[in-house]
Amino acid sequence: MSETTAPPASAELAARARKLDAADELAGKRAEFVLDEVIYLDGNSLGALPAAVPGRMADVITRQWGELRIRSWDESGWWTAPERIGDRIAPLIGAAPGQVVVGDSTSVNVFKALVAAVRMAGDGRDEIVVDATTFPTDGYIARSAARMTGCTLRPVTPAEVPDVLGPRTAVVLLNHADYRTGRLHDLPSLTSAVHAAGALAVWDLCHTAGALPVGVDEHGVDLAVGCTYKYLNGGPGSPAYLYVRRDLQDRFDSPLPGWNSHVEPFGMHGDYEPARGAPRGRVGTPDILSMLALEAALEVWDGVSVEAVRAKSLALTDFFLECVAEYVEPGRVESLTPAAHEERGSQVALCCDDAGDVMKRLIERGVVGDFRPPNLLRFGFTPLYVGFADVERAARVLGEVVG
Ligand SMILES: *Cc1c(COP(=O)(O)O)cnc(C)c1O
């Protein structure tokens, strides 16, 4: 092609975007969400509303609660919702049924998992290793769990974890993906390093469940937690989940042994005897409204393979980085997100001096990401409802805003 007939880069990228969208096997999923013209790149913080949720909630509130009232604990399946919805999440994280229970927040589940892991660890193991770069709540909870169990807390970067493991390590709490940079940590190899040292591995899957295959069973993860309002679209404050590997369930000694985790909750016994299996991770009465909104939200995963989601996620983030390189003046922003696919989650983090102001202007122009102080622009890519044309437009608007 001669110089004079070469289309401008933007026409070429826009044409590529159209082709990629036309070939996208997940493209039809977007219609299952309530969305508008806004390019929503914040599904890693709060997933969009699945279209099935409002109708389900109307039924839950007016019929199940309004008409059936207390009968719904049984007749509408309220009582068993935590395990039932846990089993719906299980395949998304690579877990066989019976190991995931839904309830409480991620913070609370981090606490349950860490204290239970210390109680399962062998004698003489009195150290909790925690990702020093973690989302703050995990670090706060780990510090308190360490104080309560008489352990020492060792905050280190995930890369340093293998070097600090030893005969005193009880448990290691790690994030599958870094919430700031989007870096994906090597779950299989870190888990085996933790096991080689005789310790337990607890993984926080908040930024990977629903974005990429996790494989908790396959990789021998001991315990895992995660929220459901990011890539799982459960809605604001939707309950989190706790995974306890099957062969550890009998040894799971909850630090919050509420009546819902009793073997016979309605026996109203004075003595505590834990339930078997996943319900042992329950605490008190489940937040049924949020939980049933989550259950409706999870229907968008019917017929979706997490592998297809991962493939599209990588294609979206690759394409975004390529468009940014084309549209944004060199040196104006710098990507903190690893270029290597095996080290990348489903978000792109761009460093930029005036990031707060830039994000404000992006949002004004209909491109929603988020700002993480002091200088980070964060863009989450949710393959079920973000397309390639969205990505091209987002990068083009970014180029104009910072130009
Ligand atoms: C989002 C997130 C949380 C949220 O915790 P909540 O208790 O649900 O508020 C915790 N940890 C990580 C790593 C997260 O990304």
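Mentor: Let us begin with a definition: helices (H or I, at least four residues) and strands (E, at least two) are DSSP runs, numbered from the N terminus. On that basis the residue Asp204 has its place in strand β8, residues 200–204. Please keep in mind throughout that this is a predicted model.

Trainee: Since the model is predicted, what is the mean pLDDT of the chain?

Mentor: Where pLDDT is low, the predicted coordinates should not be read in detail. In this chain 98% of the residues reach 70 or more, and among the elements the mean pLDDT is lowest in β14, at 95, and highest in β10, at 99. For the chain, the mean pLDDT is 97.

Trainee: How many helices and strands does the chain have, and what is its radius of gyration?

Mentor: The chain has 12 helices and 15 strands, and its C-alpha atoms fill a box of roughly 85 × 60 × 35 Å along the principal axes. For 403 residues a compact globule would have a radius of gyration near 22 Å, and the chain agrees with this, because its own value is 22 Å.

Trainee: Which element gives the most residues to the side of domain 1 that touches domain 2?

Mentor: The domain assignment gives domain 1 as 9–34 + 304–402 and domain 2 as 54–301, and the centres of the two, taken over C-alpha atoms, are separated by 30 Å. In the contact between them, 23 residues of domain 1 meet 15 residues of domain 2, and the elements giving two or more residues to the domain 1 side are α10 (306–327) and β12 (347–351). The one that gives the most, with five residues, is α10.

Trainee: Is Lys230 buried or exposed?

Mentor: UniProt, in an unreviewed entry, lists Lys230 for "modified residue: N6-(pyridoxal phosphate)lysine", and the residue is found in the loop between β9 (223–226) and β10. Leaving aside neighbours within four places in sequence, Lys230 is in contact with Gly43, Asn44, Ser45, Gly47, Cys206 and His207. Because 27 other C-beta atoms lie within 10 Å, Lys230 is buried.

Trainee: How far apart in space are Tyr229 and Gly43, C-alpha to C-alpha?

Mentor: Tyr229 also lies in the loop between β9 and β10, and it is buried, with 23 other C-beta atoms within 10 Å. Not counting residues up to four places away in sequence, Tyr229 touches several residues, among them Leu46, Gly47 and Pro236. Although Tyr229 and Gly43 are 186 residues apart in sequence, their separation in space is 8.4 Å.

Trainee: UniProt gives the feature "binding site" in an unreviewed entry for a set of residues, including Ser107, Asp204 and Tyr229; up to what distance between C-alpha atoms are they spread in space?

Mentor: The record's positions also include Thr106, Phe135, Trp259 and Thr285. They are spread over 180 residues of sequence, and in space they reach up to 30.7 Å.

Trainee: Within that set, is Ser107 buried, partly exposed or exposed?

Mentor: For comparison, Asp204 counts as buried, because it has 27 C-beta neighbours inside 10 Å, and its contacts beyond four places in sequence include Val110, Asp138 and Val225. Ser107 has its place in helix α5, residues 106–120, and touches Thr137 and Ile141, not counting residues up to four places away in sequence. With 16 other C-beta atoms within 10 Å, Ser107 is partly exposed.

Trainee: Which peptide bond is cis, with omega near 5 degrees?

Mentor: Most residues other than glycine have a negative phi, and most peptide bonds are trans. Pro374 is found in the loop between β14 (370–372) and β15 (376–380). The cis bond runs from Pro373 to Pro374.

Trainee: What is the phi of Met268, and what is that of Arg69?

Mentor: Met268 is found in the loop between β10 (241–244) and α9 (288–297), and it is exposed, with 8 other C-beta atoms within 10 Å. Arg69, in the loop between α2 (52–65) and α3 (72–75), is exposed as well, with 9 other C-beta atoms within 10 Å. Neither residue is a glycine, yet phi is positive in each, at about 50 degrees for Met268 and, for Arg69, about 45 degrees.

Definitions and conventions. Residues are numbered from 1 along each chain as its sequence is written. This is a predicted model: local features need pLDDT of at least 70, side-chain atom pairs count only at pLDDT 80 or more; totals for chains, interfaces and linings use all residues. Domain bounds come from an automatic or database domain assignment. Two residues are in contact if their C-beta atoms, placed from the backbone, lie within 7 Å. A residue is buried if 20 or more other C-beta atoms lie within 10 Å of its own, exposed if 12 or fewer, and partly exposed in between; C-beta atoms are placed from the backbone. pLDDT is the predictor's confidence in each residue, from 0 to 100. The radius of gyration is taken over C-alpha atoms; the globule rule is 2.2 Å times the number of residues to the power 0.38. UniProt positions are given in the numbering used here, feature names are shortened, and annotations may be inferred rather than shown by experiment.
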